[in-house]
Amino acid sequence: MPNASPDPQVQFAAVEELLTRWLKERREVLGKYTEIAVAIDGVLGPDGVATRQAALCQILVDYVSVGHFEVFHELLAEAESFGDGTSSLAQNVMPAIADTTEVIMAYDEKYGEGVGTEKKLKRDLSALGEALEARFALEDQLIAGLHNSHRRQAG
């Protein structure tokens with residue numbers, strides 16, 4: 001986790017690096033999600049689905065943890081270092097992100113060991129996909145409002 005810096009440009013650069021790594025992990029989440037969606041349509045047997053399910057859950061938990069314990073914290077620290085009032089956006093967005101976290105963690109609790117019936121898995125995977133779509137849009141809104149808005153000032 002980057003250390004909060006009183007220098008806005010230094011804080012911006014640290015957050016930029018963190019976001020680059022985190023958004024790469026987001027692409028991995030989408031890739032694992034897609035693998036499960038393909039696998040449950042009968043391309044793979046139950047063992048293949050279970051293996052991919054466990055991998056999806058692991059990366060989901062990692063992604064959510066980094067978001068909550070590093071990325072969001074650093075975005076807020078950046079906004080505070082610029083002192084331009086952009087941190088108020090987090091008050092509106094973070095509760096909705098927390099709602100998606102609940103869906104993701106419930107999915108992990110149910111399927112993290114790679115178990116579950118195919119019928120329920122399809123339904124639950126669909127609900128997870130909707131939660132991820134909403135979460136990514138909210139995260140993008142937070143990044144745009146708390147980070148990208150400082151790009152000119154930091155450059």
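With which side chain does the side chain of H147 make a polar contact? Select H147 and E78 together, and you will find that their side chains make this contact at 2.6 Å, where a polar contact is a pair of N or O atoms within 3.5 Å and, within protein, one atom must be able to donate a hydrogen and the other to accept it, while residues adjacent in sequence count only if both atoms are side-chain atoms.

Before going on, keep in mind that this is a predicted model, in which local features need pLDDT of at least 70 and side-chain atom pairs count only at pLDDT 80 or more, although totals for chains, interfaces and linings use all residues. Residues are numbered from 1 along each chain as its sequence is written, and side-chain values use heavy atoms, with hydrogens and water left out.

Stay at H147, which lies in the loop between α4 (118–146) and α5 (151–154); helices here are DSSP runs of H or I with at least four residues, numbered from the N terminus. H147 counts as buried because its relative accessibility is 1%, and buried means under 20% relative accessible area with a 1.4 Å probe, protein chains only. Leaving aside neighbours within four places in sequence, the residues in contact with H147 (heavy atoms within 4.5 Å) include F12, V15, E16 and L142.

Next, look for the aromatic pairs, of which the structure holds four. Rings of Phe, Tyr and Trp (its six-membered ring) pair if their centres lie within 6.5 Å, and planes under 30 degrees apart count as stacked, over 60 as edge-to-face and the rest as tilted. Select W22 and Y63, whose ring centres are 4.8 Å apart and whose planes are at 5 degrees, so the pair is stacked. This pair links distant parts of the chain, with W22 in helix α1 (residues 8–43) and Y63 in helix α2 (residues 46–82), 41 residues apart.

Among the buried residues of α3 are A90, M94, I97 and Y111.

Methods: Buried < 20%, exposed > 50% of the residue type's maximum accessible area, 1.4 Å probe, protein only. Helix = DSSP H or I, 4+ residues; strand = E, 2+ residues; numbered from the N terminus.
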